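Reader: I am new to this structure and would like to learn how to read its features. Please take me through them one at a time.

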Amino acid sequence: MISRYVYGQPLETGAVVMTIPKSSQEISILHMQRQKEFLTLSCQMDDEDIVYGLGEQVRGINKRGFTYISYATDDPNHTENKHSLYAGHNFLILSRKKQPSFGIFIDYPGKVIFNVGETKRNELHISAGSDCTVYIIEGECLTDIARQFRELTGRSYIAPKWAFGYQQSRWGYQCEDDIRRVVDGYHSRKIPLDAVYLDIDYMDHFKDFTIDNDRFPDFSGFTDSMKNQGVHLVPIIDAGVKIEKDYPVYEEGVQNNYFCKDEDGRDFVGAVWPGKSHFPDFFNSRARAWFGHKYKWLMDQGIEGFWNDMNEPALFYSEKRLERIMDEILTMKNENLDLHSFYQLTGKIDSLSNNPDDHKSFYHDFDGIKVRHDKVHNLYGFYMTKAASEAFDQIAPDKRTLLFSRSSYIGMHRYGGIWTGDNASWWSHLLLSIQQMPALNLCGILYTGSDIGGFGCDATPDLMLRWLEFGIFTPLMRNHAALGTREQEVYQFEQLEDYRNIIRIRYGLLPYIYSEYMKSALNNEMYFRPLAFDFPQDSHAARVEDQLMVGESIMIAPIYTQNATGRYVYLPEDMLMVRMKSLEDKIYRVMQTGHHYIDAALNEVVFFVRKNHMLPLAVLNDDIRSTADLQLLHNVISQRKDAQEITAEDVMHTAASIYEWIGYAQDYAEYTLYDDDGISKNYTPQQKWIKVVKSKESLNVCIS
Ligand code: MIG
């Protein structure tokens, strides 16, 4: 049951898609206090209660014991003292033992503070602006609450199938040749690759919707030649638009009032990559349509995917603040800077970037309503991504386009995915990314993953391998690194065979990963879940912070510590352990409920299959280059001459026979496999949902 409480006059954020009548009663599950500017909601927690959610944030799966602030920032230091990352994901579930659990969504796009027992261990305090909408979701169990929240906020974005392949990125690929070298680096070593990313380097002076012609003399020819090799190019789009006379995006934006305005009604000036820039007013539907249609220019040149960056929006400085600070600094010129004045100086410089006061200095035209930016700050990236998505629906209505964003707000999951931003090549960030996945899924964001190997700092060979071993399960599997860091394309490392094997395991798992992704999206389920969602009665499972359920059949227990050759794993039920060094080298063992120490060599993927469950594994040729070369069910069927009149039973037999099925069962195991062409948007026909049943004898492992 969903209840909606409305306080003051909240803006229509676009987070939800369902109309829930306004509750006529006072909120009772939490204690509410409304002051002039703030609304506070509080409640008591018991020691056993667990808090799930808050999407993209620091710290663990259980959010208790810290304060989280929803106020999007582009801070690249995701350390545990931080309170905010790139998003505003104001949804959490309070999972309670003694009383019914409930979910709470604060639909407020300005700053929201969640003190989840930081000040007082057993008290939850949420504070938001006084004009806001609060949704309380009560349900039978965690899964039910999660599903209702998704019904409320709408169906998750569905990426094209190629975007489930392995992808390589790096800030610093400068020109066609750099990219050819990467593709060749993979192909010559028979490592599959589905996409290479174009970071800001491809643009002419960091101007959106331009290409540096010296470095990419024939862009559409280049895009085509890459696609012929199975590689998609995915360019970055930044939020800020360079101020430059005769640059069409700038000129059109100014002429039509498409940019955010300052107090005086002039186009707001802030700086990002290209220097002084204006910021499209994505809150305005006209500006949105305009900016969205700009992507067409790249689509016409063969581009089928994009990533939206810097859309918190990130601000290096605002023009006005810079002027003021420069003046202030000049007055210090001949001073003898002591402890205080020196820190004043550095403090002034530090205050330039992403200063919240600057957010109070510009405005949006929210389709007729003038809104100060800080009050809707967390929606900027959401609306930028919505702009692109709405345009894609017109430009390429029947086709899926890859789209993900750095900043986001609840509801953006309908338009695209996210990546988790500028992590570092630290083991703690591998763990962080494991813990972020279920929280993001709870908020509806299914197409997601972290920069594999870490963005900042230098990736060590072992970190890269362990991160890949987890990354093979994330829908977005992208290796990305910052300018100036150690090159981390997998072929840069020794013992390449290990990296190759792990990436090939991803392609082997693809039928399962894709099927589970699609089922999660279409049925409003979570692809990654904390164990408690599947084993609600198990109090050990509820406390596990480093294992996840992945789809209906798998549990993973990734290794995230350096030099570990194994780890403790908790099994909430009897499961089949699968250890793989490659698709060909697999060991199975049925293991009993309880705690176990599991060995896992550096080059070994370990996962667990639930009892009476199974999963398909694609059989790979030695030289497959991308998802397009995979013998996936859809391809196999559609290549048959009789494809038109093929029966459901025939499809099932084909599924049963072309894949290797891994699992174990008492009598039989059942699996619903979803497959389609990976491009079109017609997801419902029955032939795409195939129920496969295997007797215990025909599975790799069975219990006698
Ligand atoms: O301020 O485009 O998170 O993935 O490589 C850095 C350069 C800007 C931040 C993104 C990162 C990207 C980088 N961008």
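Reader: What kind of model am I reading?

Author: This is a predicted model, where local features need pLDDT of at least 70 and side-chain atom pairs count only at pLDDT 80 or more, while totals for chains, interfaces and linings use all residues. Residues are numbered from 1 along each chain as its sequence is written, and side-chain values use heavy atoms, with hydrogens and water left out.

Reader: Which residue forms a salt bridge with aspartate 264?

Author: The general idea: a salt bridge is a side-chain nitrogen of Lys or Arg within 4 Å of a carboxyl oxygen of Asp or Glu. Here the partner is arginine 266, with the closest N and O atoms 3.5 Å apart. Arginine 266 is at 54% relative accessibility, so it counts as exposed.

Reader: How many salt bridges does a search of the whole structure find?

Author: The search finds 52. One of them joins the side chains of aspartate 47 and arginine 121, at 3.7 Å, N to O. That pair links distant parts of the chain, 74 residues apart. Aspartate 47 sits in the loop between β3 (38-44) and β4 (50-53). Arginine 121 sits in the loop between β9 (112-116) and β10 (123-129). Helices (H or I, at least four residues) and strands (E, at least two) are DSSP runs, numbered from the N terminus. Aspartate 47 is partly exposed at 46%, while arginine 121 is exposed at 59%.

Reader: Where do aspartate 177 and arginine 180 lie?

Author: An α-helix has 3.6 residues a turn, so residues three or four places apart point the same way. Aspartate 177 and arginine 180 both lie in helix α2 (residues 176-187), three residues apart, about one turn. Their side chains meet in a salt bridge of 2.9 Å, N to O. Aspartate 177 is partly exposed at 43%, and arginine 180 is partly exposed at 35%.

Reader: Which residues are linked in a network of salt bridges?

Author: The network links Asp74, Asp309, Glu312, Arg406 and Asp422.

Reader: Which residues of α8 are buried?

Author: Ser341, Leu345 and Lys348 are buried in α8. They cover an arc of only 65° around the axis, so they are on the same side of α8. The arc is that of the directions from the helix axis to the C-beta atoms. On the other side, Leu339, His340, Tyr343 and Asp350 are exposed. The buried residues pack against α7; contact means heavy atoms within 4.5 Å.

Reader: Which residues form a nonpolar patch on the surface?

Author: Patches are made of residues with over 30% relative accessible area and no salt bridge: like charges are joined within 9 Å, nonpolar side chains (Val, Leu, Ile, Met, Phe, Trp, Tyr) within 5 Å. Leu337, Leu339, Phe342 and Tyr343 form this one, with about 420 Å² of accessible area together. Such areas come from the Shrake-Rupley method with a 1.4 Å probe; for residues, only the protein chains shown count as cover. Leucine 337 is in the loop between α7 (319-331) and α8 (339-350). Leucine 337 is partly exposed, at 32%.

Notes. Buried means under 20% relative accessible area, exposed over 50%, partly exposed in between (1.4 Å probe, protein chains only).
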